[in-house]
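Subject: Structure handover

Hello,

Here is the structure I promised to pass on. Please open it first, then read my notes beside it.

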Amino acid sequence: MKNTKKFISFLLAICLISLVPLNVYASDLSSNKQTVEGERLGDYTFERIFENGKVLAYVKALDGTILHTAINENGKVFLDGELINTEKIITTNLYENSPLEFILSSIEWGSWNYSYESVDVTGLEAKAIAAIFLVYFHWAGISIIYDLASIVAGQYDTVDFEFKIRYGTDDEYLYYQRYTTIYGDGTRLFGPHYDNGKKYLDM
């Protein structure tokens, strides 16, 4: 019975992976809806909301006026209503091991999945780029994202997001491990940054 439950849990994880974009799902392991209360950086307020598989971000003036809106929905990213994805590549590696492979030996891990996305940010101001980062790199703190956006604005025309993620299960949890790297015109600006998490399996 124990092995049957474990096998069913693993199949459930595989099904979820196939249905949800790689760079969206992991943040939703902890909550279906979460609001990051506006953090004032300079003269602006940044808000991020997780809801029903979507990630929404708002950049607001201090009087509450919305300056930029970004949405990541099913892997499609929009800035102020316009689709901005320019290139997307997803591959799977069946053989590469994680540094934690032997420490977490009780977990049944799936294969590593790679997602690479390129976004044209030519001419965009830091606030708009921050909105994009908030929905692409939505597990990072807002302060980190604003710093990256400030570096990119006016200096780079293309931002590349490279994600490496995999999922695993045991008798109780669905786990993920993820690496994130960000490039500006091919130059590495951030990462690889490692994070991980888990969600209780509702069986």
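**Strands and hairpins**

D185 takes a positive phi near 50 degrees in the hairpin of β11 and β12, a hairpin with two residues between its strands. This is a predicted model, where local features need pLDDT of at least 70 and side-chain atom pairs count only at pLDDT 80 or more, while totals for chains, interfaces and linings use all residues. Residues are numbered from 1 along each chain as its sequence is written, and side-chain values use heavy atoms, with hydrogens and water left out.

A word on names. Helices (H or I, at least four residues) and strands (E, at least two) are DSSP runs, numbered from the N terminus. Two strands pair if DSSP finds at least two bridges between them.

Strand β11 covers residues 173–184, and strand β12 covers residues 187–200. They pair in the antiparallel sense over 11 bridges. Y175 stands opposite K198 in β12.

Y200 also sits in strand β12. Leaving aside residues up to four places away in sequence, Y200 touches E172 and Y173. Contact here means heavy atoms within 4.5 Å. Y200 and D171 are 29 residues apart in sequence, and their C-alpha atoms are 9.4 Å apart in space.

Now follow the chain from strand β3 (residues 54–61). β3 pairs with β4 in the antiparallel sense, over seven bridges. V55 has N72 in β4 as its bridge partner. The β3 and β4 hairpin has four residues between its strands, and G64 in the turn has a positive phi of about 95 degrees.

Strand β4 (residues 66–73) then runs antiparallel to β5, with four bridges joining them. E73 has K76 in β5 as its bridge partner. I71 stands opposite F78 in β5. This hairpin has two residues between its strands, and N74 in the turn has a positive phi of about 55 degrees.

F78 has L83 in β6 as its bridge partner. D80 takes a positive phi near 50 degrees in the β5 and β6 hairpin, where two residues lie between the strands.

**Two packed helices**

How do helix α3 (residues 126–136) and helix α4 (residues 142–152) pack? Their angle is about 130 degrees, with the axes 8 Å apart. Axes are lines fitted to C-alpha atoms, for helices over the stretch in contact, and angles run from 0 to 180 degrees between N-to-C directions. α3 and α4 are therefore oblique to each other. Angles under 35 degrees count as roughly parallel, over 145 as roughly antiparallel, 65 to 115 as roughly perpendicular, and the rest as oblique.

In α3, A126, I129, A130, F133 and L134 make the contact. They meet residues of α4 including I142, I145, Y146 and L148. α3 is mostly covered: 11 of its 11 residues are buried.

Best wishes

Notes. Buried < 20%, exposed > 50% of the residue type's maximum accessible area, 1.4 Å probe, protein only.
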